[in-house]
Amino acid sequence: MRWPRSLHLPLLIGLGLAAPASAEDIAASEPRDLSVTIYRDPARGGGGDIQLGQLGGFAVITETRTVTLPPGKHRLRFVGVVDGIIPESAIVTGLPGGVIEKNRDAALLSPAALFRAFQGRAITLKRTSRVTGKAVSLPAQLVSAGPDGVVFRTAEGEEALRCTGLAETFTYDRAAEGLSARPVLSVLTSTARAVTAQVKLTYLAEGFDWSASYTANVDPDSGKLDLGGWITLANGNSVSLPDARTQIVAGGLRREDAARLRSAAQPVTLNCWPQQRTHQIPRKPERPYSLVSPYRAVEDETEDYLQESNIVVTANRMRRSYEVPSPVRGAPPPPPPPPPQAEQLGDLKLYRLPERTTIAARQMKQSRLLDKPAVPFDHVLDLELTAYDSNAPEEVGRIREPGVAAYTPATVLRSRNDKAHGLGLPLPAGRLVAQQAHRGRMLPVGQPALRDTAEDEKIELRLNLASDIRVERATVRTAKRKQWQELTVTSARDSAATIEVRFSNSASMRFDFGDKAETFRRDGQQVLRVQLAPNSTSRVAYTVSWD
C-alpha cells in the first residue's frame with residue numbers, strides 16, 4: 001500500500017514527537033546525615049602500621065539526602081560521594097520510581113583532565129618576553145598533553161610548555177565541559193508525579209582502615225597495670241566525611257579483592273629542562289631546581305632564601321620568638337566520653353564510637369577506646385622447649401659428657417579479660433606499649449602485640465627476654481624410648497621470680513618429675529613451674545618416655 005504524498009510529512013512529524021525525551025540531570029542535596037562503618041584490612045590483621053597511601057580496608061557509607069523530582073525520567077546526581085566508591089555496591093532507597101541504572105562519573109576536575117579537555121582548543125599563553133622581560137599574553141592552541149610533556153602552537157611555531165627557562169603558564173578562555181570538581185554517582189529514575197523525598201544512598205568504598213593501639217603502665221610492686229586504648233581511623237580518599245556516626249568492625253573478615261575504580265587516562269607531566277646552563281639557575285639550599293617560577297640570583301642568596309621561607313632574620317624578632325608565654329589557667333577539661341561498647345555482628349564485633357566524628361580526607365585521627373586502671377596481672381617468665389631432646393646422642397646407656405643447651409626465658413604478663421580483672425569487654429587486636437616507672441619517668445619495657453581477645457579469654461603480653469635468667473638443659477642418659485633430662489635454672493636478679501617451662505609436642509609423652517615438682521597441663525602442653533629465690537640456682541631432674 002502506498003501512502004498519499006500529503007501524509008508523508010505529518011507522519012514523520014508524529015514519529016518525531018513520539019520519540020522519548022532525554023533524561024534531565026537533577027542534583028540531590030548535600031548529605032544531611034552520614035554513617036560510616038570501617039572494616040580493617042584483612043591482610044594486615046591486627047598488627048602492622050597503617051600506611052595512608054596504601055589502605056587496604058574499606059567502609060560502608062550511608063548518606064541521607066533530600067531530592068526534589070518533577071514528573072518524568074531524570075538522572076539523579078549524588079555529588080560528593082567518596083572517590084573510592086565501588087559503584088556496583090550502591091543501593092538507593094526512598095525513590096518512588098526505583099533505580100533504572102547506575103553510573104560512576106569518573107571525569108573529575110584535575111590539571112591533567114583540563115589538559116585533555118582542551119586538546120586542540122584555543123588557550124591564552126602568558127610568558128615573559130625575552131626582549132623586554134615583561135609579561136605578555138598571546139593566543140595559542142594546545143596540541144597535545146601526556147606523560148612526555150605539553151606541546152602548544154603559536155604564530156612562531158610549535159613549542160613545549162616551560163622549556164624556555166622563563167616564567168610561563170596559560171589560561172583557558174572558557175570552562176571545561178563534562179568535568180566535575182567532586183566525585184559523582186548518578187542513577188536513572190522516573191516518577192509519575194512531582195515528589196520531594198528523603199533518600200538513603202549506601203555503598204562500599206575503598207581506601208579506609210582502622211587500627212587499635214594500647215598503653216600499659218605496669219606497676220610490678222602492686223601487680224597491677226593501667227590499660228589505655230585508642231582507635232586510629234584512616235581515610236585515604238579525597239572526600240571528607242563530616243560529623244558522621246562512626247562504627248568499626250573487629251575480627252578476621254574473609255573478602256575477595258575488589259579493584260578500585262580509577263581513570264585509565266595517562267597522567268600529564270612537564271618533562272623539560274631550562275635552556276640556560278645550571279650555573280645561571282642557582283640552586284636554593286636543600287631545594288630542587290624550580291622550573292615553574294625561575295628566580296633571580298641575588299648577592300646574598302641565603303638572606304633571600306630565608307626571607308622567602310618566612311624565617312625570622314632580625315635579632316629582635318628572634319628573641320621575641322623564644323619568649324615563653326606565662327601559662328593561663330582555665331577551666332579543667334571535660335571528662336572523656338565513655339568507651340564504645342561492642343555488639344555482636346555474626347562472628348565479628350562492632351564498636352560504636354560514642355560521639356559523632358569527622359573523618360577528614362587523606363588524614364588519620366584517634367578516638368578513645370578504653371581506660372581501665374588497676375588491672376591485676378601475673379608476672380611470670382616463660383620458656384618453651386621440645387619434650388624430646390633432639391641434641392642428645394642416639395646411644396643406649398650413660399653419656400659421659402652430655403650436650404648442654406642454654407636458653408633465655410621471656411617476661412610475660414598474664415591476665416584475663418573478665419569483670420574480676422577490671423576488663424570484661426572485647427578487645428580488638430593492636431599494638432601495645434608496656435611502660436614502667438623508673439626514677440620518676442615512664443620508660444618502655446616492651447612492645448608486644450595484642451590479638452583479638454573476646455570476653456573471658458586470657459591475655460598474654462610477651463615483653464622482653466629476661467637476660468638475668470639462664471636455663472640449661474642436658475640429657476644425661478638415653479634409652480630406646482626414654483630420656484633422662486636435667487634442667488638448671490640460674491637467677492641473677494635481686495628479687496624472687498617464677499618461671500614456667502612449657503614442653504611442646506608433649507601430648508603423647510609421659511613425664512616423671514618426682515613428688516616435689518609443681519607441674520600441670522595447659523592448652524595440651526606439659527608445664528613445669530619453678531619458684532626462684534633471689535640470686536639462686538635450681539635443678540630439676542626428670543624423665544621423658546614415649547611409646
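Colleague: Before we start, what are the ground rules?

Modeller: It's a predicted model, so local features need pLDDT of at least 70 and side-chain atom pairs count only at pLDDT 80 or more, while totals for chains, interfaces and linings use all residues. Residues are numbered from 1 along each chain as its sequence is written, and side-chain values use heavy atoms, with hydrogens and water left out.

Colleague: How many helices and strands does the protein have, and what makes a strand a strand?

Modeller: There are four helices and 34 strands. Both are DSSP runs, numbered from the N terminus: helices are H or I with at least four residues, strands are E with at least two.

Colleague: Why is Arg 439 called exposed?

Modeller: Exposed means over 50% relative accessible area, buried means under 20%, and partly exposed is in between (1.4 Å probe, protein chains only). Arg 439 has 79%, so it counts as exposed. The residue lies in the loop between β24 (430-438) and β25 (441-446), and its phi is near 55°, a positive value in a residue other than glycine.

Colleague: And what makes Asn 505 exposed?

Modeller: Its relative accessible area is 65%, so Asn 505 passes the cut-off for exposed. Asn 505 sits in the loop between β30 (497-504) and β31, with a positive phi of about 55° although it is not a glycine.

Colleague: How much of the protein is buried?

Modeller: Buried residues make up 38% of the 547 residues. Strand β12 (residues 184-191) is mostly covered, with seven of its eight residues buried.

Colleague: How do you know that β4 pairs with β12?

Modeller: Two strands pair if DSSP finds at least two bridges between them. Eight bridges join β4 (residues 72-79) to β12, so they pair, and they run antiparallel. In β12, Leu 185 is the bridge partner of Phe 78.

Colleague: Which strands make up the open sheet of six, and why are β27 and β32 at its edges?

Modeller: The order is β27-β23-β20-β30-β33-β32, with mixed pairing. β27 (458-465) and β32 (518-522) each have a single partner strand, so one side of each has no neighbour in the sheet. Strand β23 (residues 410-416) and β27 pair in the antiparallel sense over six bridges, and Arg 414 has Glu 460 as its bridge partner in β27.

Colleague: Why is the pair of Tyr 39 and Phe 58 called stacked?

Modeller: Rings of Phe, Tyr and Trp (its six-membered ring) pair if their centres lie within 6.5 Å; planes under 30 degrees apart count as stacked, over 60 as edge-to-face and the rest as tilted. By this rule the count comes to seven aromatic pairs. Tyr 39 and Phe 58 are 4.8 Å centre to centre with 5° between the planes, so they are stacked. Tyr 39 is in strand β2 (residues 33-39) and Phe 58 in strand β3 (residues 57-69), 19 residues apart, and both residues are buried.

Colleague: What makes Phe 513 and Tyr 542 tilted instead?

Modeller: Their centres are 5.1 Å apart, and the 35° between the planes falls in the remaining range, so the pair is tilted. Both are buried, and ring pairs link Phe 503, Phe 511, Phe 513 and Tyr 542 into a cluster.

Colleague: How do you know that Arg 477 sits over the ring of Trp 484?

Modeller: The rule wants NZ of Lys or CZ of Arg within 6 Å of the ring centre and within 35 degrees of the ring normal. Arg 477 lies over the face of Trp 484 at 4.5 Å from the ring centre.
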